[in-house]
Amino acid sequence: MDRGKLRTRYRTVVIGAGQAGLSAGYHLLRRGMRPWVDFVMLDANDGPGEAWRDRWDSLTFGKAHHLHPLPDFELATPDPTEPASAVVSRYYGEYEQHMGLPVYRSGPVVSVSRKGTGSAAGFEVELADGTGLQATTVINATGTWSNPFWPSYRGMNTFTGLQVHTRNFTGVQQFANRRTLVVGGGASATQFIVQLDAAGIDTLWSTRTPPRWRDFASTRDWGMEVERR
């Protein structure tokens, strides 16, 4: 972060400095836009890594979903036993430095509002520290991690036990001596169940439909086909 370089008006403001934000910054550079002059990137965190910074330590890189390399910057072969949060944060930080991306860290964006009409139309971006930026265009690269979907269910507001979304999971120690229900049939849910069981925690599992176990080779093509379906 370099507040001394911050201007009040930009051609483009990128909100978010994760995979999408960093990739957007790369392509803005390729199109001749000057960092800190024509565009700036905003990150709510105090360091590189975006949402990966909040992943639990037991989620090692070898257990995480595949991370696609950023443009023109190979990931190499990280230690699969190292926490994914550390691997990705380091990789994103190196990318910022290597590409010279203008990342400004000052807390979250408070609001984005339209300003002006016609050829003078644009946006006003208000930051948590009170800074106001003007932009002709805004790229929203914030993702969903900081605003996860938490479905409503009967009794959730009166239940007095611990309720934790994947976003707030830090480790099985949160559930020591607690009978625990894991809701969902995705990868995170199955990983939680394995860890909770290994820690001797009485665990129940709830899914909409019976789990369907498959024996397959986890290849790139198979993953793309899952996403297409």
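**Close-up views of salt bridges**

**View A. Salt bridge between lysine 115 and glutamate 124.** In this predicted model, lysine 115 pairs with glutamate 124 in a salt bridge whose closest N and O atoms are 3.8 Å apart. Lysine 115 is partly exposed, at 38% relative accessible area. Glutamate 124 is also partly exposed, with a relative accessibility of 27%.

**View B. Salt bridge between aspartate 202 and arginine 179.** The two side chains meet at an N to O distance of 3.0 Å. This pair links distant parts of the chain, 23 residues apart. Aspartate 202 sits in the loop between helix H3 (187-198) and strand S8 (203-206), and arginine 179 in the loop between strand S6 (132-140) and strand S7 (180-183). Aspartate 202 is partly exposed, at 42% relative accessibility, whereas arginine 179 is exposed, at 61%.

**View C. Network of Asp43, Glu96 and Arg105.** Salt bridges with shared partners join Asp43, Glu96 and Arg105 into one network.

**View D. Salt bridge between arginine 105 and aspartate 43.** The side chains of arginine 105 and aspartate 43 form a salt bridge with an N to O distance of 2.8 Å.

**Overview. Salt bridges in the structure.** The structure contains 8 salt bridges, among them the arginine 105 and aspartate 43 pair.

Conventions:
Residues numbered from 1 in each chain as written. Predicted model: local features only at pLDDT ≥ 70, side-chain atom pairs only at ≥ 80, totals over all residues. Heavy atoms only, no water. Salt bridge = Lys/Arg side-chain N within 4 Å of Asp/Glu carboxyl O. Buried < 20%, exposed > 50% of the residue type's maximum accessible area, 1.4 Å probe, protein only. Helix = DSSP H or I, 4+ residues; strand = E, 2+ residues; numbered from the N terminus.
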